[in-house]
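User: I would like to learn how to read a protein model feature by feature. Please take me through one.

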Amino acid sequence: MKKVIEKAYGKINLSLDVLGRREDGYHEVSMVMQTVDIYDRISLSKTDVEGIRLTSDKKELPLDEKNIVYKAVSLIKEEYRIETGVDVHIEKQLPIAAGMGGGSADAAAALRGMNRLFNLGLNETKLEELGLRLGADVPFLIRGGTALAEGIGERLTELVSFPECAIVIVKPKLGVSTKEVYEAFDSLLEVKHPDIGGLVKELGKSSLCNIVKLLGNVLEEVTVTKHRIIAEIKQLLLENGAVFSMMTGSGPTVFGIFESEKEAKKASLVLRNKNKFEMVEVTQCRYGR
């Protein structure tokens with residue numbers, strides 16, 4: 001095999017709670033994560049030229065050791081003593097610095113791709129162990145589907161799938177620093193925590209309209225305070241038929257949940273016509289990778 005292509009599916013946080021800051025600087029979290037059917041495409045090829053060479057269709061991406069895909073390929077090469085050169089092309093659809101795990105998804109895809117390209121025979125558990133060395137979201141994005149993520153995000157429990165629905169993803173024209181959002185969160189005096197335990201129990205039992213009442217994101221209040229456009233997007237989605245709307249991750253991307261694809265497409269047209277958002281896409285939950 002000389003070339004492989006992997007799809008790097010993005011994620012949304014159906015619920016996100018921060019339980020505290022650890023001594024090592026990481027935050028203890030409890031999250032219900034869901035992959036969605038929007039993806040980057042990662043192409044990996046063997047080459048006669050030594051080393052790792054990255055290319056991308058996005059000029060803003062670093063194409064050196066700073067890129068998490070480079071780190072993923074380098075990790076596999078070092079761990080398994082691979083001397084063959086590797087060319088990697090990153091074709092982006094997921095927004096950058098947007099709370100959808102784009103970089104982590106790309107790293108997960110690179111690990112899976114290297115496993116296939118060099119016939120390493122690594123199982124999912126081993127890939128997740130390697131992924132954790134790159135970032136807390138990488139193990140989940142190797143697995144995909146619907147999962148409870150605890151610890152710093154590395155302890156994963158597969159969950160019953162989220163109900164069938166359509167999702168509109170809206171990314172405003174701005175980026176958000178996850179580090180700054182968490183620092184601002186640490187200074188909050190009061191936090192309304194989502195009922196993640198209730199959500200986990202109700203998946204597979206309750207209707208979509210009942211389950212969305214249990215969703216929540218403790219970081220939303222922090223990011224909305226700095227970027228009011230997030231609240232505006234939420235309101236637009238709700239006014240145009242969403243049964244629920246919320247920011248994902250540390251933001252600034254917002255998603256709206258719709259009972260039908262027809263309603264979702266109608267709402268997406270309204271938001272696209274405003275010509276003020278970087279991305280407006282209709283998608284659905286992705287079950288598994």
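User: Is Glu 6 buried or exposed?

Analyst: First, the ground rules. This is a predicted model, where local features need pLDDT of at least 70, side-chain atom pairs count only at pLDDT 80 or more, and totals for chains, interfaces and linings use all residues. Residues are numbered from 1 along each chain as its sequence is written, and side-chain values use heavy atoms, with hydrogens and water left out. Now the term: buried means under 20% relative accessible area, exposed over 50%, partly exposed in between (1.4 Å probe, protein chains only). Glu 6 has 9% relative accessibility, so Glu 6 counts as buried.

User: Where is Glu 6 found, and what is it in contact with?

Analyst: Helices (H or I, at least four residues) and strands (E, at least two) are DSSP runs, numbered from the N terminus. Glu 6 sits in strand 1, residues 3-21. Contact means heavy atoms within 4.5 Å. Setting aside neighbours within four places in sequence, Glu 6 is in contact with Asp 40, Arg 41, Ile 42, Ala 109, Arg 112, Gly 113 and Arg 116.

User: Which side chain joins Glu 6 in a polar contact?

Analyst: A polar contact is a pair of N or O atoms within 3.5 Å; within protein, one must be able to donate a hydrogen and the other to accept it, and residues adjacent in sequence count only if both atoms are side-chain atoms. Here the partner is Arg 112, at 3.1 Å.

User: How do I read an aromatic pair?

Analyst: A pair of aromatic rings is described by the distance of the centres and the angle of the planes. Rings of Phe, Tyr and Trp (its six-membered ring) pair if their centres lie within 6.5 Å; planes under 30 degrees apart count as stacked, over 60 as edge-to-face and the rest as tilted. The structure holds one such pair. The ring centres of Tyr 9 and Tyr 39 are 5.2 Å apart and the planes stand at 65°, so the pair is edge-to-face. It links distant parts of the chain, with Tyr 9 in strand 1 and Tyr 39 in strand 2, 30 residues apart. Tyr 9 is buried at 7% relative accessible area, while Tyr 39 is partly exposed at 22%.

User: How many residues of helix 1 are buried?

Analyst: Nine of its 12, so the helix is mostly covered. Helix 1 spans residues 68-79 and reaches 16 Å from its first C-alpha to its last, close to the 16 Å expected at 1.5 Å a residue (1.5 Å times one less than its number of residues). What covers the buried residues includes strand 2 (27-47), strand 3 (52-56) and helix 2 (102-117).

User: What caps the N-terminal end of helix 1?

Analyst: Asn 67 does, with a side-chain oxygen 2.7 Å from the backbone nitrogen of Val 69. Just after helix 1, Arg 81 takes a positive phi of about 50°.

User: In which sense do strand 3 and strand 4 pair?

Analyst: Two strands pair if DSSP finds at least two bridges between them. Strand 3 and strand 4 pair in the parallel sense over five bridges. The β-α-β crossover from strand 3 through helix 1 to strand 4 is left-handed. By convention, a crossover is right-handed if, with the strands pointing away from the viewer, the path from the first strand over the helix to the second runs clockwise.
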